Amino acid sequence: IFKKLDDLAKSFANFSEVIDLCKTRLTLFNLVSPKIISLPPILLTGSPGVGKTRFLKELAKILDTEFFSLDFSTTSSAFILNGGASTWADSKPGFISESIRQSRYVNPIILLDEIDKVGNKNYDPIGCFYSLLEPHTASSFKDEYLEIEMNMSKIIWLATANYPELIPAPIRSRMT
């Protein structure tokens, strides 16, 4: 895996800091059992077209865990992530719980792509991340439709943004 990360660094020289973080974390997690890859929530910022999303997709392949992605430029409401209240006729579980359900692993990568472009701040699609980006509160996440507590503390959260100042400060502060 370290050789693949070195190869990735050659293709994506701008992301060497993230690759070094991955190597450090992988080295540490090789010392414990069970060996579960874990990374802090990471926010990649930069100009459009520098390859943030492509880099994270390649990183996910190397880490060999499930990969799910949500484009925030088209995400309009919290129920898309959290699920809708089960009392609504057309309600269903949210993207987060569905991603975990589909994953073979407890630690999938979930990419929050273009998180700075939230389309509708009135229905706060990113509000759930105040708790999901903190392991101690993510361990008791409740999808509004399913109404059961789920442990989401092992999810690897990766996000991209062109304009990080558009992301609420408390969310930014929870990310590396």
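Student: Where is the place of Glu147?

Tutor: This is a predicted model, in which local features need pLDDT of at least 70, side-chain atom pairs count only at pLDDT 80 or more, and totals for chains, interfaces and linings use all residues. Residues are numbered from 1 along each chain as its sequence is written, and side-chain values use heavy atoms, with hydrogens and water left out. Strands are DSSP runs of E with at least two residues, helices are runs of H or I with at least four, and both are numbered from the N terminus. On that basis, Glu147 is placed in the loop between β4 (141–142) and β5 (149–150).

Student: Does Glu147 count as buried or exposed?

Tutor: With a 1.4 Å probe and protein chains only, a residue is buried under 20% relative accessible area, exposed over 50%, and partly exposed in between. Because its relative accessibility is 52%, Glu147 counts as exposed.

Student: What is the relative accessible area of Glu114?

Tutor: Glu114 is in the loop between β3 (109–113) and α6 (129–132), and has a positive phi of about 55° although it is not a glycine. Glu114 is partly exposed, because its relative accessible area is 24%.

Student: Which side chain joins that of Asn162 in a polar contact of 3.0 Å?

Tutor: Asn162 is in the loop between β6 (156–161) and α8 (169–173), and is buried because its relative accessible area is 13%. A polar contact is a pair of N or O atoms within 3.5 Å; within protein, one must be able to donate a hydrogen and the other to accept it, and residues adjacent in sequence count only if both atoms are side-chain atoms. The side chain joined to Asn162 at 3.0 Å is that of Lys52.
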